[in-house]
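This note sets out points for a colleague who is reading the model alongside its sequence. Please keep both in view while going through the points.

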Amino acid sequence: MELPQAIEELKVEYLGDSFAIAEAKKIAVAAIEKQIPKPVLVVKEGLYFFCPCCHADDEEIRYDYCVPYDYCTKCGQRLDWEKREYIDEWPH
Ligand SMILES: [Zn+2]
């Protein structure tokens, strides 16, 4: 099963689901979503890189500002360095 399909399966609410199960499913969906690579954010001016999820800066997503990590060290988001998303301003 691919990750996006697993997410869809977990999002289905069943009649017998307790509150705890519903909460556990939300946590599982959030954890799986972090495993799906997202393009890093790049500010056009100056080529500064940011995590697409928590907006952590270069220090958190590249070793010594040059070797890209596969995951953000702050939030755990898997990073896609091939598909960069260019933005005009620094993310907030
Ligand atoms: Zn992050």
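1. Basis. The model is predicted: local features require pLDDT of at least 70 and side-chain atom pairs count only at pLDDT 80 or more, while totals for chains, interfaces and linings use all residues. Residue numbers start from 1 along each chain as its sequence is written.

2. Composition. The chain holds three helices and five strands; these are DSSP runs numbered from the N terminus, with H or I of at least four residues for helices and E of at least two for strands. In sequence order the pattern reads α-α-β-β-α-β-β-β. The radius of gyration, taken over C-alpha atoms, is 16 Å, well over the 12 Å that the globule rule (2.2 Å times the number of residues to the power 0.38) gives for 92 residues, so the chain is more spread out than a compact globule. The C-alpha trace spans about 55 × 25 × 20 Å along its principal axes.

3. Domains. Domain 1 covers 1-36 and domain 2 covers 37-92, with bounds that come from an automatic or database domain assignment. Their C-alpha centres lie 26 Å apart.

4. Burial and contacts. Of the 92 residues in the chain, 11% are buried. A residue is called buried if 20 or more other C-beta atoms lie within 10 Å of its own, exposed if 12 or fewer do, and partly exposed in between, with C-beta atoms placed from the backbone. Among contacts between residues at least 6 apart in sequence, 44% join residues at least 24 apart; a contact requires C-beta atoms, placed from the backbone, within 7 Å.

5. Sheet. Three strands make an open sheet with mixed pairing, in the order E2-E1-E5; two strands pair if DSSP finds at least two bridges between them. Strand E2 (48-50) and strand E5 (79-87) are the edge strands, each pairing on one side only. On average, neighbouring strands of this sheet are turned by 40° against each other, direction ignored; the axes are lines fitted to C-alpha atoms, and angles run from 0 to 180 degrees between N-to-C directions.

6. Pairing of E1. Strand E1 (residues 38-43) is antiparallel to E2, with three bridges. Here Val 43 stands opposite Tyr 48, and Leu 41 has Phe 50 as its bridge partner. The hairpin of E1 and E2 has four residues between the strands, and Gly 46 takes a positive phi near 95° there. E1 and E5 run parallel and are joined by five bridges, and Val 42 stands opposite Tyr 86 in E5.

7. Core. Which residues make up the largest nonpolar core? The eight are Val 40, Leu 41, Phe 49, Phe 50, Cys 51, Ile 61, Cys 72 and Leu 79. E1 and E2 are the elements that give two or more residues to this core. A nonpolar core is a set of buried Ala, Val, Leu, Ile, Met, Phe, Trp, Tyr and Cys residues joined through C-beta atoms within 7 Å. Leaving aside neighbours within four places in sequence, Leu 79 is in contact with residues including Val 40, Ile 61 and Cys 72.

8. Arg 84. This residue is found in strand E5. Arg 84 counts as partly exposed because it has 15 C-beta neighbours inside 10 Å. Not counting residues up to four places away in sequence, Arg 84 touches Pro 39, Val 40 and Val 42.

9. His 55, in the loop between E2 and helix H3 (58-61), has a positive phi of about 65° although it is not a glycine. With 15 C-beta neighbours inside 10 Å, His 55 counts as partly exposed. Asp 64, in the loop between strand E3 (62-63) and strand E4 (67-68), has a positive phi of about 55°. Asp 64 counts as exposed, with 7 C-beta neighbours inside 10 Å. Most residues other than glycine have a negative phi.

10. Tyr 65. The loop between E3 and E4 also holds Tyr 65, which counts as exposed with 11 C-beta neighbours inside 10 Å. Tyr 65 and Tyr 48 are 17 residues apart in sequence and 9.7 Å apart in space, C-alpha to C-alpha. The C-alpha atoms of Tyr 65 and Arg 84, 19 residues apart along the chain, are separated by 16 Å.

How values were computed: Contact = placed C-beta atoms within 7 Å.
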